[in-house]
Amino acid sequence: RTVPQASLQLDIGSATLAEVEQAVDLALSLGQDRISINHCPTGYPASAENVNLNILGTLKRVFGCPVAFSDHSPGVEMDVAALCFGANILEKTITLDRTTRSPEHLMSLEPYEFAGFVHSIRTVEAARGVVRRHLGPQEREYRRKVRRGIFAARTIQGGEIITSECLTYKRPQSSLGPDQASLVLGRVAKQTIDENTAIDMALLD
């Protein structure tokens, strides 16, 4: 049976972008098209000035493949930030004792910290949303409550022409908004509209 091709993760280390391109081209020429590119800043630990999270977006745009971030800094701040900069994969080392005399241990998390680390990542993933602006359920409900709608300022008799004196604007908006007042003014009430009734086009001729 066919064995699924394993994916290839390319660690860029201190390579230039041109060298990364050469490595990607070589992999593609060998039939390996399941590639991810791993940005792994040098330094044990890596200084903030050397992390360069902006390169994640560059790698993704140039090569069109998933990008990873291998964190060589203490704490979890850079991992959370890398997620926001477009990282698809995060690599964080774990140690049983951070005081062990070795460079890797200094920047690693201890077991008791890992659940909090994963929780932080999942929370940020949920918060990233989408590129296009859209209103989520919470925003739509808030918008409904705080935005003003068009209401009858007094009882409007059936057959009466709607003028600005007939209208008021109050929360919550249940039908037409103030920006739609031009649709209402000059129309005729089909029936008696009680004071404080939300104005709807169905009530007008």
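**Cysteines and backbone geometry**

Reply: In this predicted model, the cysteine sulfur closest to that of cysteine 65 belongs to cysteine 40, and at 14 Å it is too far away for a bond.

Me: How many disulfides does the count come to?

Reply: The count comes to zero disulfides. A pair of cysteine sulfur atoms would have to lie within 2.5 Å.

Me: Is cysteine 65 buried or exposed?

Reply: Cysteine 65 counts as buried, because its relative accessibility is 12% and buried means under 20%.

Me: And cysteine 84, buried or exposed?

Reply: Cysteine 84 counts as exposed, with 54% relative accessibility.

Me: Changing topic: which peptide bond is cis at proline 172?

Reply: The cis bond runs from arginine 171 to proline 172, and its omega is near -10°.

Me: Where is proline 172?

Reply: Proline 172 lies in the loop between strand E6 (167-170) and helix H8 (181-184).

Me: Next, what is the phi of asparagine 52?

Reply: Asparagine 52 is not a glycine, yet its phi is positive, at about 50°. This asparagine 52 sits in the loop that separates helix H2 (48-51) from helix H3 (54-63).

Me: What about the phi of asparagine 196?

Reply: Asparagine 196, also a residue other than glycine, has a positive phi near 70°. Asparagine 196 is in the segment after H8 and counts as partly exposed at 41% relative accessibility.

Methods. Residues are numbered from 1 along each chain as its sequence is written. This is a predicted model: local features need pLDDT of at least 70, side-chain atom pairs count only at pLDDT 80 or more; totals for chains, interfaces and linings use all residues. Side-chain values use heavy atoms; hydrogens and water are left out. Buried means under 20% relative accessible area, exposed over 50%, partly exposed in between (1.4 Å probe, protein chains only). Helices (H or I, at least four residues) and strands (E, at least two) are DSSP runs, numbered from the N terminus.
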